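Please keep the sequence and the model in view while reading.

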Amino acid sequence: MDGVASRISASAIYESLKEMILSFEIYPGSRITESDLAAFFGVSRTPVREALQRLAQEGQVSIRTKQGCFVRQINISELAQFYRVRTAIECLSLEIAARSMAKEALWALAREWDPVHCSGAATDLSVMVQKEESFHMTLARGGGNQALATYLNDINERIRVIRRLDFTAGFRIERTYEEHHRIVCLLLEGDLAAAKTLMTDHILQSEKFARSVTLEQLARTENGAARSAMR
């Protein structure tokens, strides 16, 4: 990492570190220290400590007494478990939304994800992930069950490290628009069973693609680190 001369806030440090972790610029399992990060960002250790504590609360890093701070390892089996829980929560959110979400809100969501809007859609990974998560959170909140939305948001935080990689291929963005639009249309048509089936398949395919990209990217990153070490 190259040094950054300007002084920045704890919030900005948090955002920067999180992006570096999610993009594998900081390798999973790496040990990072407050002093190194303070030197990198050109700040005191206080805002760095605040940023790390926030990342620790989200599970992005772990702070171990007398050992330091470590970036979370990528555990594919663990992530698969989170995806199973996500599927159950998402299907439940569809059930509640079908009963309680305003038709006007569903129509607005259908229009937003109409495939005709896919051309020119955001291709920045972070922006697309936020937009995609917003779709699912809108459905979760639409039925009025705040606890459901809270649990889904927690799952999102834990799988975002690979979820964003679902959009590294253009066809996945197009497919997402098509499937999101169709899910909402099925709710509007009153076909809850079909909506749940499509939602389940949508999540499964997203997980499979993101997982394959993650394993490939981790291998490339690890090989690159090994080559650098031999120079």
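A residue is called buried here when its relative accessible area is under 20%, as judged with a 1.4 Å probe. By that criterion, buried residues make up 45% of the 231 residues in the protein chain. The model is a predicted one, and the points below should be read with that in mind.

**Overall make-up**

- The protein chain contains nine helices and three strands, and these elements follow one another from the N terminus in the order α-β-α-α-β-β-α-α-α-α-α-α.
- Among the contacts in the protein chain with a separation of 6 or more, 77% are accounted for by residues 24 or more positions apart.

**Packing of α2 and α3**

- Helix α2, which spans residues 34-41, and helix α3, which spans residues 45-58, have axes that come within 9 Å and cross at roughly 115 degrees.
- Because angles of 65 to 115 degrees count as roughly perpendicular, α2 is described as roughly perpendicular to α3.
- The crossing in which α2 passes α3 is right-handed.
- On the α2 side the contact is made by Glu-34, Ser-35, Leu-37 and Ala-38, while α3 contributes Arg-45, Val-48, Arg-49 and Leu-52.
- Sorted by class, this contact of α2 with α3 comprises four nonpolar, one polar and three charged residues.

Notes:
Residues numbered from 1 in each chain as written. Predicted model: local features only at pLDDT ≥ 70, side-chain atom pairs only at ≥ 80, totals over all residues. Heavy atoms only, no water. Axes fitted to C-alpha atoms, helices over the stretch in contact; angles between N-to-C directions. Helix = DSSP H or I, 4+ residues; strand = E, 2+ residues; numbered from the N terminus. Parallel < 35°, antiparallel > 145°, perpendicular 65-115°, else oblique. Left-handed = near helix turned anticlockwise from the far one by under 90°. Contact = heavy atoms within 4.5 Å. Nonpolar A, V, L, I, M, F, W, Y, C, P; charged D, E, K, R; others polar. Buried < 20%, exposed > 50% of the residue type's maximum accessible area, 1.4 Å probe, protein only.
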